[in-house]
Amino acid sequence: MAKPMLQVALDTDTTAQALSVARQVSDVVDVVEAGTLLIYQEGMSAVRDLRAIAPNKIVLADAKVADAGGHVGKVAKDAGADWMTCINAATVPTMAQAQKQIEVQVELYEGWDNKERAQEWLDNGIDQVVYHQSRDAKAAGQVWGEKDLNSVKKLIDMGFKVSVTGGVKPEVLKLFAGVPVYCFIAGRAIHGADDPHAAAMAFKNEINRIWG
């Protein structure tokens, strides 16, 4: 079983903040994400700047695309992104057009649990999904548990590469022991830490401990 990758989600207010964190953790993480909040603030220039300092990393534009998938996908690709997110509410044609330009991750929010729709994603070459607990849900008291584990397993059994995000901390990872999670995504747990490098290493060490 392959080890899960580690992704840092840079939902910072400025590109300068994102670059500072990226420089500190680029030797630890596998994927560098220009977060949704960062893209809203700074646009795709943030993606371009992250690519410049992390030339050998996977770069994700977390654009949460709902329409105009092909156009936005090309913009993200031209800025240097390898992957881009679409929200699960987007139509299949929107996702398919995006997939022609860039590798798409489908972010799963409310209403995602539709096996027929998920199979359409696979039929269009889209095999990455992000199992997500939103920051608002976490603030309302939602915690990780067996329901999440079973949902992730179900998606993997369908043939998806599943990333996991939403208030993820190192102690959460053991819930998924023995499960081939594709990537764990950490945002504030890394970029909000006093020592982002040490925080990233705590995730990486736990991944190595659990998945060997």
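Tutor: Let us begin with the elements: helices (H or I, at least four residues) and strands (E, at least two) are DSSP runs, numbered from the N terminus, and by that rule the chain has 10 helices and 8 strands. This is a predicted model, in which local features need pLDDT of at least 70 and side-chain atom pairs count only at pLDDT 80 or more, while totals for chains, interfaces and linings use all residues. Residues are numbered from 1 along each chain as its sequence is written, and side-chain values use heavy atoms, with hydrogens and water left out.

Student: How do you know that the chain agrees with a compact globule?

Tutor: The radius of gyration is taken over C-alpha atoms, and the globule rule is 2.2 Å times the number of residues to the power 0.38. For 212 residues a compact globule would have a value near 17 Å, and because the chain has 16 Å, the two agree. The C-alpha atoms fill a box of roughly 45 × 40 × 35 Å, taken along the principal axes.

Student: Why is Leu6 called buried?

Tutor: Buried means under 20% relative accessible area, exposed means over 50%, and partly exposed lies in between (1.4 Å probe, protein chains only). Leu6 has a relative accessible area of 0%, so it is called buried. Its place is in strand S1 (residues 5-10). Over the chain, 50% of the 212 residues count as buried.

Student: Which residues is Leu6 in contact with, leaving aside its neighbours within four places in sequence?

Tutor: Contact means heavy atoms within 4.5 Å, and the partners of Leu6 include Val28, Val31, Cys183, Phe184, Phe203 and Ile207.

Student: What makes S5 largely enclosed by the rest of the structure?

Tutor: In strand S5 (residues 103-108), 5 of the 6 residues are buried, and therefore the strand is largely enclosed. Strand S6 (residues 128-132) is mostly covered as well, with 5 of its 5 residues buried.

Student: Which way do the residues of S6 point?

Tutor: Gln128, Val130 and His132 point one way, whereas Val129 and Tyr131 point the other way. In a regular strand the side chains alternate between the two faces of the sheet.

Key
Two strands pair if DSSP finds at least two bridges between them.
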